[in-house]
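Biologist: I am new to this structure. Please take me through it in plain terms.

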Amino acid sequence: KETIRRLLLDFLKDDLGRNPYILKAALNNEDSETSHYAATAIAEYMRRMKIRLHKCSESLKKNINDIRRMKEYADALKDELSSGLLDEIAYKHKSECYRKVLEEILMTDFNNEKYFTEKINSDLEINDYISALQICKLFLRLYSESELPYLMYLKILYEMRARINFNCILN
C-alpha cells in the first residue's frame with residue numbers, strides 16, 4: 001500500500017495531466033488514502049482543464065476569426081476528450097464542439113495535416129462517413145505528395161466496409 005501511495009504522490013508532483021488513466025486506476029485502489037489522492041487529483045485536473053477551456057473560449061469569442069486561437073481551443077478540447085475522464089453526455093457535447101472548431105479551422109487554414117486527420121477521425125467516431133470522405137478528398141488534393149491522406153482514405157473505406165459487413169451479419 002505504501003509503495004503505491006508513494007508512486008501516486010510522485011506522479012502527482014511531476015505532472016498532473018500527463019496520464020489521467022493512472023489516476024482513474026488509482027481511484028479504484030483498495031487503499032482509501034490512495035483513492036482519495038486520486039480523486040483529489042482528478043478534481044484538480046478537471047478544474048485546470050475547465051479553466052483552460054474557458055480561457056480559450058473567451059479568447060476566441062473576442063477574436064472569432066483568429067486561427068491561432070481556434071487551434072488553441074481545438075487542442076484544449078482534444079486534451080479533455082482524450083483524458084478519459086468525461087462522462088458520456090459531456091464527451092458527446094465536447095466532441096461536437098471539437099468537430100465544429102476543426103471545421104472552422106479547415107475552412108480558413110490548410111497548412112496542417114494534423115487538423116485534417118483529427119476532423120476525419122472525429123467524423124468516423126460518429127459514423128459521419130460523408131463528411132469524412134469530403135474532408136479526405138480535400139486533404140488528398142492539397143497533400144497529394146504525403147502518404148497520410150491516402151492512409152486516412154483507406155481508414156474511411158475500411159470503417160465503411162466494416163459497418164456494412166457488420167450490418168449484413170445482423171440482418
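**Rings, helices and surface**

Modeller: Buried means under 20% relative accessible area, exposed over 50%, and partly exposed in between, with a 1.4 Å probe and protein chains only. This is a predicted model, in which local features need pLDDT of at least 70, side-chain atom pairs count only at pLDDT 80 or more, and totals for chains, interfaces and linings use all residues. Residues are numbered from 1 along each chain as its sequence is written, and side-chain values use heavy atoms, leaving out hydrogens and water.

Biologist: Which element of the protein chain has the highest mean pLDDT?

Modeller: pLDDT is the predictor's confidence in each residue, from 0 to 100. The protein chain averages 86, and 86% of the residues score at least 70. Where pLDDT is low, the predicted coordinates should not be read in detail. Among the elements, helix H1 (residues 2-14) has the lowest mean, 68, and the highest, 96, belongs to helix H6 (residues 113-125).

Biologist: How many helices and strands does the protein chain have?

Modeller: Helices (H or I, at least four residues) and strands (E, at least two) are DSSP runs, numbered from the N terminus. Along the sequence the pattern reads α-α-α-α-α-α-α-α. The count is 8 helices and 0 strands.

Biologist: How far apart are the end C-alpha atoms of helix H7?

Modeller: The expected span of a helix is 1.5 Å times one less than its number of residues. Helix H7 (residues 129-142) has 14 residues, so it should span 20 Å; this agrees with the distance between its end C-alpha atoms, 20 Å.

Biologist: Is Tyr143 buried or exposed?

Modeller: Tyr143 forms an edge-to-face aromatic pair with Phe139, 5.6 Å centre to centre and 70 degrees between the planes. Rings of Phe, Tyr and Trp (its six-membered ring) pair if their centres lie within 6.5 Å; planes under 30 degrees apart count as stacked, over 60 as edge-to-face and the rest as tilted. The relative accessible area of Tyr143 is 17%, so Tyr143 is buried.

Biologist: Which residues do ring pairs link into a cluster?

Modeller: By this rule there are 4 aromatic pairs. One of them is the stacked pair of Phe110 and Phe116, at 6.5 Å centre to centre with 25 degrees between the planes. Phe110 is partly exposed at 35%, whereas Phe116 is buried at 0%. The cluster consists of Phe110, Phe116, Phe139 and Tyr143.
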